[in-house]
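This report describes selected residues and the ligand site of one protein model. Please consult the sequence and the structure shown below while reading.

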Amino acid sequence: MSKQHTEVSKFLSYVLRHEPHAIGLTLDSEGWAEVNALIAGAKQAGRTLDVELIRAVVNSSDKKRFALSDDGSRIRAVQGHSTDTVAIQREPKQPPEFLYHGTATRFLDSILAEGLRPGERHHVHLSEDVSTATAVGQRYGKPVVLKIEALRMHQQGFVFFQADNGVWLVTNVPNSFLVIGP
Ligand code: HQG
């Protein structure tokens, strides 16, 4: 991704996941916003976007963070929301035996005591591979990967979802289902 695309991607994450009201945008419960309203709101906030740039950012997103509707008139973030107005309906899905969560070593004591909590977001984010989890953990400091007994959680009634970009979602992970290290 170019520097410009990365910057626009961060702006889209901010307004489509967390603070749509910052630019007067309304998201429906599935997280969709009108592209035209996004462009108008961004303009008022001093940021010039157009359909072509938005499309380029959606297509070049390494994690496929965003989706456009089939007719191209609407856009949403596929996961990672904190805003209360969005509650994307997803089908529960059986997870693989193990999933991974990357975090920073400084959070370990707290996680081992309390389990994984979603923080500001709606879900705890888990991945199928260790390398993705390591990269996620690196964002906050020295990374450490936790291995989650996802299938055993599922068998005990925890509900898992998978976002359109492959990220696994669950409301929390009690500490009895996680161990340090892949
Ligand atoms: C930690 C990125 C203390 C948790 C990634 C994490 C991901 C605790 C932080 C997505 C804790 C929350 C989400 C506890 C959890 N005590 N710390 N009990 N439970 N934590 O950013 O998973 O690039 O909200 O380990 O790829 O880091 O934005 O979650 O370190 O999919 O598209 O609290 O964000 O995607 O941080 O990242 P976050 P995350 P994007």
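In which loop does Lys 64 lie? Lys 64 is placed between helix H3 (51-60) and strand S2 (66-68).

## Basis of the description

The model is predicted: local features require pLDDT of at least 70, side-chain atom pairs count only at pLDDT 80 or more, and totals for chains, interfaces and linings use all residues. Residues are numbered from 1 along each chain as its sequence is written, and side-chain values use heavy atoms, with hydrogens and water left out.

Helices (H or I, at least four residues) and strands (E, at least two) are DSSP runs, numbered from the N terminus. Accessible areas come from the Shrake-Rupley method with a 1.4 Å probe, and for residues only the protein chains shown count as cover.

Although Lys 64 is not a glycine, its phi is positive, at about 50 degrees. Lys 64 has a relative accessible area of 55% and is therefore exposed (buried means under 20% relative accessible area, exposed over 50%, and partly exposed in between, with a 1.4 Å probe and protein chains only).

## The ligand site

The ligand is surrounded by 17 residues, of which the closest are Lys 63, His 101, Thr 103, Ser 110 and Tyr 140 (a residue is near a molecule or strand if one of its heavy atoms lies within 4 Å of it). Strand S4 (98-104) and helix H4 (108-114) each contribute at least two residues to this shell. The greatest contribution is that of H4, with 3 residues.

Polar contacts are pairs of N or O atoms within 3.5 Å; within protein, one atom must be able to donate a hydrogen and the other to accept it, and residues adjacent in sequence count only if both atoms are side-chain atoms. An N or O atom in the side chain of Tyr 140 is 2.6 Å from an oxygen atom of the ligand. For the side chain of Arg 17, the corresponding distance to a ligand oxygen is 2.7 Å, and for that of His 125 it is 3.1 Å. Taken alone, the ligand exposes 780 Å², of which the protein buries 86%.

The ligand takes up the space of the largest pocket. On a 1 Å grid over the protein atoms alone, a cavity is a set of points where a 1.4 Å probe fits but cannot get out, whereas a pocket is an open set with protein on both sides within 12 Å along at least five of seven lines; lining residues have an atom within 4 Å of a point. A molecule sits in a cavity or pocket if more than half of its atoms lie within 2 Å of its grid points.

## Gly 80

Gly 80 belongs to the loop between S3 and S4. Its relative accessibility is 5%, so Gly 80 counts as buried. Beyond the residues within four places in sequence, Gly 80 is in contact (heavy atoms within 4.5 Å) with Arg 17, His 18, Arg 121 and His 125. Between Gly 80 and Gly 166, 86 residues apart along the chain, the C-alpha separation is 12 Å.

Arg 76 is part of strand S3 (residues 74-77). With a relative accessible area of 12%, Arg 76 is buried. A polar atom of the Arg 76 side chain lies 2.9 Å from the backbone oxygen of Glu 30.

Asp 164 is located in the loop between strand S7 (161-162) and S8. Asp 164 is exposed, at a relative accessible area of 61%. Not counting residues up to four places away in sequence, Asp 164 touches Arg 76 and Val 78.

Trp 168 lies in strand S8 (residues 168-170). Because its relative accessibility is 2%, Trp 168 counts as buried. A polar contact of 2.7 Å links its side chain to that of Glu 128. When residues up to four places away in sequence are set aside, Trp 168 touches residues including Pro 95, Pro 96, Leu 99, His 125, Phe 160 and Phe 161.

Ala 42 is situated in helix H2 (residues 35-44). Ala 42 has 0% relative accessibility and so counts as buried. Apart from neighbours within four places in sequence, Ala 42 is in contact with Phe 11, Ile 23, Arg 47 and Leu 49.
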